[in-house]
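Student: I'm new to this one, so please pick a single part and take me through it slowly. I'd like one connected answer that tells me what the terms mean as we go.

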Amino acid sequence: MSRRLNILFLGGAKRVAVGKIILASAEKRGIDARIFGYELDVRVPLAAIGTIIPGKKWVDPDFSNHLEAVVNEYGINMLLPFVDGAIAPAAQFAASHPGVACPGSSREVAEQFFDKCISAEIFAKASLPIPHTLTDLDNPLFPLIAKPRRGSASKGIEILTSGEALDRLRPVADKYLIQQYIPDATEITVDCYVASDGRILAVSPRIRLETAGGEAVRTETIDSPEAVTLAERTINATGLRGACTIQLLRDSADNLMIMEINPRLGGGVVASVNAGADIPSLIVDEWAGLPVDRTFPSPGVLTVRYLEDIAFLPDGTKI
């Protein structure tokens with residue numbers, strides 16, 4: 001008799017490819033998996049493979065009660081957050097509901113990385129390399145980059161090249177992380193998965209070759225033992241668990257630094273899956289209590305994203 005796995009994607013409207021991988025992995029293991037999506041608008045791409053449930057905003061005072069009602073009505077036994085705002089609520093919900101899994105870090109660990117200033121302090125305390133952080137506004141070394149300390153998706157970031165630009169931020173400097181700006185740096189994304197017992201099962205570095213609408217559409221895995229080592233050091237120093245994404249910078253002298261951590265599945269994780277770091281399958285296996293082993297992804301695997309259409313009637317019914 002097959003087991004039932006009902007997964008609720010939180011903010012995963014576009015994650016059709018991830019959903020397909022999960023469904024295929026579950027089928028191979030004799031698990032009857034179904035995908036559900038929690039969205040403000042039911043007319044989203046995920047409807048191609050799952051059931052979309054009208055949801056509430058993460059900050060809505062009634063969100064927790066509504067989520068509980070959805071979990072009970074649809075028999076949800078796994079929450080999978082895909083956007084920052086859903087991570088902490090999902091982790092907190094799973095912590096208080098033993099029958100619901102959430103393959104990620106605890107709320108306490110995850111919330112540290114939603115504040116870039118706190119993150120920088122954690123990295124520095126653990127002797128992890130980061131760009132020089134400006135602590136004395138009277139002795140700046142330009143250029144600088146100012147990031148809203150609680151911002152996401154690169155919103156509100158400013159490059160500061162003069163004292164006048166810095167002076168504009170002085171009254172609200174405590175709301176920003178201000179660091180050395182590194183021109184022509186290469187951004188490296190590292191997709192990771194850490195078992196609940198702390199074993200590191202996947203570390204896959206990749207670079208974005210082309211983006212559209214803020215998402216990678218051409219991604220290639222790379223051979224970078226240094227990035228793998230730094231990601232492992234970061235995981236061990238911070239207590240990350242489950243699926244997580246570590247963003248690195250590589251400067252012109254090949255020095256690697258941590259830019260930020262997203263304690264969730266990355267939008268381009270399919271590239272790592274194609275290279276051999278099958279993180280969605282690890283999620284299924286760990287949930288099912290099956291043996292899980294370290295994966296070793298191949299470098300040089302190029303993943304190209306393409307568009308596919310889905311249509312809805314005026315009442316939201318999928319055609």
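Tutor: Let's look at the lining of the second largest cavity, which by class has six nonpolar, two polar and three charged residues. Here Ala, Val, Leu, Ile, Met, Phe, Trp, Tyr, Cys and Pro count as nonpolar, Asp, Glu, Lys and Arg as charged, and the others, Gly among them, as polar. Keep in mind that this is a predicted model, where local features need pLDDT of at least 70 and side-chain atom pairs pLDDT 80 or more, while totals for chains, interfaces and linings use all residues. Residues are numbered from 1 along each chain as its sequence is written, and side-chain values use heavy atoms, with hydrogens and water left out.

So what is a cavity? On a 1 Å grid over the protein atoms alone, it's a set of points where a 1.4 Å probe fits but cannot get out, and lining residues have an atom within 4 Å of a point. This cavity has a volume of about 70 Å³, meaning the space filled by probe spheres set on the points, which are joined across faces, edges and corners.

Now for the residues themselves. Lys116, Ser119, Ala120 and Phe123 are among those in the lining, and helix 5 gives the largest share, four residues. Pro131, Lys147, Leu177 and Gln179 belong to the lining too, as do Ile258, Met259 and Glu260. Helix 5 (116-125), strand 7 (176-180) and strand 12 (256-262) each supply at least two lining residues. Helices (H or I, at least four residues) and strands (E, at least two) are DSSP runs, numbered from the N terminus.

How does that sit beside the rest? Strand 4 (78-81) and helix 3 (84-95) each supply at least two residues of the largest cavity's lining, which includes Leu80, Pro81, Ile87 and Ala91. By class, that lining divides into nine nonpolar, two polar and one charged.

One last pair gives you a distance to picture. Gly85 is in helix 3, and from C-alpha to C-alpha Gly85 and Ser119 are 17 Å apart in space and 34 residues apart in sequence. Gly85 counts as partly exposed because its relative accessibility is 37%; buried means under 20% relative accessible area, exposed over 50%, and partly exposed in between (1.4 Å probe, protein chains only). Ser119, for its part, is one of the residues lining the second largest cavity.

Terms used:
On a 1 Å grid over the protein atoms alone, a cavity is a set of points where a 1.4 Å probe fits but cannot get out, and a pocket is an open set with protein on both sides within 12 Å along at least five of seven lines; lining residues have an atom within 4 Å of a point.
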